[in-house]
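Have the sequence and the 3D view ready.

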Amino acid sequence: MAHCCSGKLVYLLRLSTYVLQKPGHFLTGRETRHASSCCKYFTRCKSTKAADSKALQERQRQQMARGLPKQKPITGVKQVIVVASGKGGVGKSTTAVNLALGLTANEPSKSVGLLDADIYGPSVPKLMNLRGNPELSDNNLMIPLVNYGIPCMSMGFLVEDVAPIVWRGLMVMSAIEKLLRQVDWGSLDYLVVDMPPGTGDVQLSITQNVPIAVIVSTPQDIALLDARRGAEMFKKVNVPVLGLVQNMSVFQCPNCSHQTHIFGSDGARRLAETLGVHMLGDIPLHLNIREMSDRGQPVVVSSPHSSEADSYRKVASAVVQRLEEVSS
């Protein structure tokens, strides 16, 4: 068809050129019939191409829908809250840990779990001061390790502390599935998931579990770019974003109490306005947060009356309020 179409096009071009060069020349009956058939042919080609284009778009839409993970709830878990960033180094893991502890501190009657989904760089064992291998239940499910009243599961419990995870995609996806599906979480009101940075296969797999996302970012422009990519990813897979947390928002000198916006001011707040999502709160850049995290004693439990612990509890309250708004 392409060859025939090309031949007819050449004929029409030659014919039109001939007529333009000889204005007084009239087309013969044979030339008129041939030109007419060419025009009809091209009209049919054009309509066929338009139909083919629409059919192609519809096939692409169907393939995209099939490619998105089907949402499957985790047994015993009422709400899955994903803490994501799109970029490493913005304090996402520290925020996830203190968010889980803040949820418990605000509502002691609620049961909260913590899943470390960062296969390559698990941080929860260090932050929660946990080590050892999980035992198996009678149903052959892994039993989470518990500290500060929070059941936790992490790839870090299954490998040596300094052992690198040198795995390809399929092995990583299998590990994620095991951490989600082969863990005896019991009955949880909230499961906080510490996501790995990025917007790839792992993130798409976790969206199978009806999560709601919280985006963490510093006010710095370069971090906000990746935070926006993360938010757009959740939008594409129909995962509601509860809001943004602005981490390391301001540094207060411990000697003179002078405040400095090291990473910029209110960048995450402006991004929240651009995306049309809520601002959940600000977390300061504080020495106590870093020191207590390195000791495996998160500030919400080690310094419960401090201003930085209060910041995390406020974020936890904002998350619960947004959950109620989204659910209603």
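## Some ground rules

A residue counts as buried when its relative accessible area is under 20%, as exposed when over 50%, and as partly exposed in between, using a 1.4 Å probe and protein chains only. Helices (H or I, at least four residues) and strands (E, at least two) are DSSP runs, numbered from the N terminus.

This is a predicted model, where local features need pLDDT of at least 70 and side-chain atom pairs count only at pLDDT 80 or more, while totals for chains, interfaces and linings use all residues. Residues are numbered from 1 along each chain as its sequence is written, and side-chain values use heavy atoms, with hydrogens and water left out.

## Helix α7

Look at residues 221-236: that's α7, with 16 residues. From first C-alpha to last it reaches 23 Å, close to the 22 Å expected at 1.5 Å a residue (the expected span is 1.5 Å times one less than the number of residues).

Its buried residues are Ala223, Leu224, Asp226, Ala227, Gly230, Ala231, Met233 and Phe234. An α-helix has 3.6 residues a turn, so residues three or four places apart point the same way. Just after α7, Asn238 takes a positive phi of about 60 degrees.

Now find β4, residues 150-154, where five of five residues are buried. Ile150, Cys152 and Ser154 point one way, while Pro151 and Met153 point the other.

Strands pair if DSSP finds at least two bridges between them. β2 (residues 112-116) runs parallel to β4, joined by three bridges, with Leu114 opposite Cys152. β3 (residues 145-147) runs antiparallel to β4, also with three bridges, and here Leu145 stands opposite Cys152. The β3–β4 hairpin has two residues between the strands, and Tyr148 takes a positive phi near 55 degrees.
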